[in-house]
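Reader: Hi! I have a fold open on my screen and would like to talk through its side chains. Could you walk me through it?

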Amino acid sequence: MKKQMQFKKYLMRITPLALAGLLLFTQPAAAILQKGDPAPAIKLTTTSGQSITLNNYKGYVLVMDFFATWCIPCKEAIPHLNSLKAKYGKQGLQVLGVSVDEGSDRDVKTFINERRISYPVAIAGEETQTEYGLRSIPTVFVINKKGVVVERFQGFSDQTAKMMEDTIKRLLAE
């Protein structure tokens with residue numbers, strides 16, 4: 001009986017603390033961007049200082065790659081993205097790398113040079129990451145000429161690469 005009373009007192013003490021912790025440290029879940037949704041507006045600056053909004057890409061098919069310099073699958077995707085840009089760029093494909101790295105952009109610039117990234121790269125703040133509902137990286141959004149999300153790819157594999165290229169070919173033909 002005495003142990004039961006002690007346990008109840010213990011619960012009475014920790015329950016408010018646990019609830020306060022949950023309220024303080026949980027963030028509201030952002031909606032996950034779905035196929036068919038308009039791509040959320042962006043206002044980013046590339047590592048070379050160019051301002052970018054989605055209006056820059058109206059009339060183009062846009063591959064938007066959210067990545068981090070420390071992410072191994074992100075590194076594996078870069079040659080494929082460079083290849084897509086080279087192969088379909090003249091047909092209306094644009095690629096935009098969006099780094100989610102925190103801190104200075106010097107590390108990102110070094111990464112761009114080491115990986116020979118041939119497309120513009122910008123650094124996304126938390127707001128952009130939330131707007132796009134990022135849950136993991138790499139995440140690639142394929143956005144059509146009208147600014148609508150057509151496909152979302154998470155992770156990178158040969159199968160993902162093929163599906164991405166098939167989607168791009170289809171959209172460029174529209």
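Reader: Great. What should I know before we start?

Author: This is a predicted model, where local features need pLDDT of at least 70 and side-chain atom pairs count only at pLDDT 80 or more, while totals for chains, interfaces and linings use all residues. Residues are numbered from 1 along each chain as its sequence is written, and side-chain values use heavy atoms, with hydrogens and water left out.

Reader: Rings first, then. How many aromatic pairs are there?

Author: The count is four aromatic pairs. Rings of Phe, Tyr and Trp (its six-membered ring) pair if their centres lie within 6.5 Å; planes under 30 degrees apart are stacked, over 60 edge-to-face, and the rest tilted. One of the pairs is F66 with Y132, which is tilted, at 5.4 Å centre to centre and 45 degrees between the planes.

Reader: Where do F66 and Y132 sit in the chain?

Author: They come from distant parts of the chain, 66 residues apart: F66 is in strand 3 (residues 61-67), and Y132 is in the loop between helix 4 (126-131) and strand 6 (139-143). Helices (H or I, at least four residues) and strands (E, at least two) are DSSP runs, numbered from the N terminus.

Reader: Is F66 buried or exposed?

Author: F66 is buried, with a relative accessible area of 0%, and Y132 is buried with 0% as well. Buried means under 20% relative accessible area, exposed over 50%, and partly exposed in between (1.4 Å probe, protein chains only).

Reader: And what about F66 and F141?

Author: Their ring centres are 5.8 Å apart and the planes stand at 85 degrees, so that pair is edge-to-face. It too links distant parts of the chain, with F66 in strand 3 and F141 in strand 6, 75 residues apart. F66, Y132 and F141 form one aromatic cluster.

Reader: What does T139 touch?

Author: Leaving out residues up to four places away in sequence, T139 touches M64, D65, F66, L134, R152, F153 and Q154; contact means heavy atoms within 4.5 Å. T139 is found in strand 6 and is buried, at 0% relative accessible area.

Reader: Switching to charges: how many salt bridges did the search find?

Author: Five salt bridges turn up across the whole structure. The rule asks for a side-chain nitrogen of Lys or Arg within 4 Å of a carboxyl oxygen of Asp or Glu. One of them joins K35 and E151, at 3.2 Å from N to O. K35 lies in the loop between helix 1 (2-25) and strand 1 (43-45), whereas E151 is in strand 7 (residues 149-154), 116 residues apart.

Reader: Which of those is at 55% relative accessibility?

Author: That is K35, which counts as exposed. E151 is buried, with a relative accessible area of 15%.

Reader: Which residue does E165 bridge to?

Author: E165 bridges to K87, with the closest N and O atoms 2.9 Å apart. That links helix 5 (residues 158-173), where E165 sits, to helix 2 (residues 72-88), which holds K87.

Reader: How far apart in helix 5 are D166 and K162?

Author: They are four residues apart, so about one helical turn separates them. Their side chains meet in a salt bridge at 2.9 Å, N to O. D166 is partly exposed at 34% relative accessibility, and K162 is exposed at 52%.

Reader: Now the backbone. Which peptide bond is cis?

Author: The bond from I137 to P138 is cis, with omega near -5 degrees, and P138 lies in the loop between helix 4 and strand 6. Another one to look at is R116, which has a positive phi of about 55 degrees although it is not a glycine. R116 lies in the loop between helix 3 (106-115) and strand 5 (121-123), and is exposed at 69% relative accessible area.

Reader: Last one: where is the kink in helix 2?

Author: It lies at I78, a kink of about 30 degrees shortly before the proline P79. The bend at a residue is the angle between axes fitted to the seven residues ending there and the seven starting there. The buried residues of helix 2 include C74, A77 and I78, and its buried residues pack against strand 3, strand 4 (93-99), helix 3 and helix 5.
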